[in-house]
Amino acid sequence: MNIVSYISAGGICVATMALVCVLSVYNGFEKLVQGLFSEFDPDLKITLTEGKVFQISPAIDSIRTMDGVACFSPVLEENALLRNDDKQQPVVLKGVSANYEDAVNIGHLIISGNYVIERNGTPFAVAGAGLAMINGLSTNFLNPITIYVPKRTGKVNIANPKSSFRQQMLYVSGVFSVKQPEYDEKYLLVPLCLAQQMLEYDERTVSAIELKVSAGTDVKQLKANLCKMLPETFVVQDKYEQQGEFYRIMKVEKWITYLILSFILLIAVFNIIGSLSMLIIEKKEDVSIFFNMGASQRQVRWIFIWEGWLISVLGAIVGMALGILLCFVQQRFGIIHLGGADGSYIINAYPVDLQLFDLCCIFLTVLLFGFVSVLYPSRFVNR
């Protein structure tokens with residue numbers, strides 16, 4: 001019976017260790033991607049709930065001088081067409097102000113050339129790495145690229161469709177990489193004044209305001225103050241909300257995996273039912289002695305309940321200890337690799353991040369399953 005109990009505890013141990021490791025890997029990937037996004041996303045972003053563009057009113061302009069706002073950077077985004085020789089691709093044309101580098105750590109993302117969007121009155125473009133690779137862009141090219149945007153005003157000339165587009169030739173000064181296709185393969189940064197000119201907007205028309213928060217400032221409190229200050233037609237988003245859909249998908253995947261592994265844990269818990277049932281049969285004579293000594297059925301039943309529960313507790317404690325140890329070893333030495341020996345991956349080994357909330361959920365789940373599993377066989381004590 002001791003061997004059977006050890007086998008039951010071992011099954012729970014392995015399932016618990018798997019839960020700790022898998023959830024920690026999900027946390028590691030989430031933290032990794034969050035760090036990549038945070039380099040390109042501003043601390044706070046002000047946009048419209050409906051519509052594309054808005055005017056920078058005096059109330060919005062006063063945000064520049066608010067406590068906690070380190071940088072106020074207006075931007076203008078619109079779809080455009082990029083052409084380089086015989087290659088063409090739709091892009092997101094993002095007009096940025098002169099202080100955009102202060103609002104976003106774009107300078108740290110440059111992998112080729114320099115971050116220059118204007119020099120001596122001449123506009124330049126900064127392209128994403130994927131965009132540059134697909135279209136053969138380089139900071140050393142002598143020939144400029146051409147940007148096309150449809151005219152907002154006027155009629156379409158069917159005889160000469162090209163006249164319905166505004167075009168601008170630009171040289172590429174730099175290439176940035178966020179290591180995310182949403183940015184690297186779509187974005188082209190240009191001066192804000194050039195984007196406003198091409199899209200036929202005045203100098204106060206923008207699509208968003210990107211803010212950098214001062215060090216030590218409570219981002220949530222500043223966001224709440226901005227929401228009270230701005231009309232209901234505006235929305236203020238922090239870094240998490242700007243990529244809300246992506247983070248929600250990762251959370252769903254994580255907890256679905258947790259449920260699947262919990263079912264595996266439930267199967268392992270069934271071993272406790274078998275071992276406890278056999279233990280009750282083996283200890284039948286001892287149970288009779290307890291009854292003869294005056295023990296109640298409830299007291300004897302709880303002896304076996306605690307015995308069965310201790311099996312699950314032992315498996316949970318050992319499994320969590322092994323899982324935590326394996327995660328620390330992975331963090332320190334990276335023993336399990338992703339397999340990208342050619343450097344095609346952002347990192348070489350699986351990232352892990354232990355979170356106290358996950359550990360508590362796992363431990364409580366094991367205890368709950370273990371307690372419920374011993375209730376059924378303990379009923380046979382009365383027989």
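Where is D85 found? Select D85 and look at the loop between β3 and β4. Helices (H or I, at least four residues) and strands (E, at least two) are DSSP runs, numbered from the N terminus.

Before moving on, note that this is a predicted model: local features need pLDDT of at least 70, side-chain atom pairs count only at pLDDT 80 or more, and totals for chains, interfaces and linings use all residues. Residues are numbered from 1 along each chain as its sequence is written, and side-chain values use heavy atoms, with hydrogens and water left out.

**Stop 1**

D85 counts as exposed, at 58% relative accessibility. Here buried means under 20% relative accessible area, exposed over 50%, and partly exposed in between (1.4 Å probe, protein chains only).

Now select N120. It sits in the loop between β6 (118–119) and β7 (122–128). N120 is not a glycine either, yet has a positive phi of about 55°. At 79% relative accessibility, N120 is exposed.

**Stop 2: charges over rings**

Select R119 and F124. R119 lies over the face of F124, 5.7 Å from the ring centre. The test is NZ of Lys or CZ of Arg within 6 Å of the ring centre and within 35 degrees of the ring normal. Then select R332 and F333. The charged end of R332 sits over the ring of F333, at 5.2 Å from its centre.

**Stop 3: aromatic pairs**

The whole structure holds 14 aromatic pairs. Rings of Phe, Tyr and Trp (its six-membered ring) pair if their centres lie within 6.5 Å; planes under 30 degrees apart count as stacked, over 60 as edge-to-face and the rest as tilted.

Select F40 and Y187. Their ring centres are 5.7 Å apart and their planes stand at 65°, so this pair is edge-to-face. F40 belongs to helix α1 (residues 2–40) and Y187 to strand β10 (residues 187–191), so the pair ties together parts 147 residues apart in sequence. Both F40 and Y187 are buried.

Next, select W255 and Y258. Here the centres are 5.2 Å apart and the planes at 85°, so the pair is edge-to-face. W255 and Y258 are three residues apart in helix α9 (residues 244–282), separated by about one helical turn. W255 is partly exposed, at 26% relative accessible area. Y258 counts as buried, at 13%.

**Stop 4: the largest pocket**

Select K45, E77, Y183, Y187 and Q242. Of the 19 residues lining the largest pocket, these are the closest to its centre. The pocket holds about 390 Å³ of space. On a 1 Å grid over the protein atoms alone, a pocket is an open set of points where a 1.4 Å probe fits, with protein on both sides within 12 Å along at least five of seven lines; lining residues have an atom within 4 Å of a point. The lining divides into seven nonpolar, five polar and seven charged residues.

**Stop 5: the largest nonpolar core**

Finish with I12 and F304. They have the most contacts inside the largest nonpolar core, which has 30 residues. Such a core is a set of buried Ala, Val, Leu, Ile, Met, Phe, Trp, Tyr and Cys residues joined through side-chain atoms within 4.5 Å. Elements giving two or more residues to this core are α1, α9, α11 (297–333) and α12 (356–378). Its largest share, nine residues, comes from α9.

How values were computed:
Grid points are joined across faces, edges and corners, and a volume is the space filled by probe spheres set on the points. Ala, Val, Leu, Ile, Met, Phe, Trp, Tyr, Cys and Pro count as nonpolar, Asp, Glu, Lys and Arg as charged, and the others, Gly among them, as polar.
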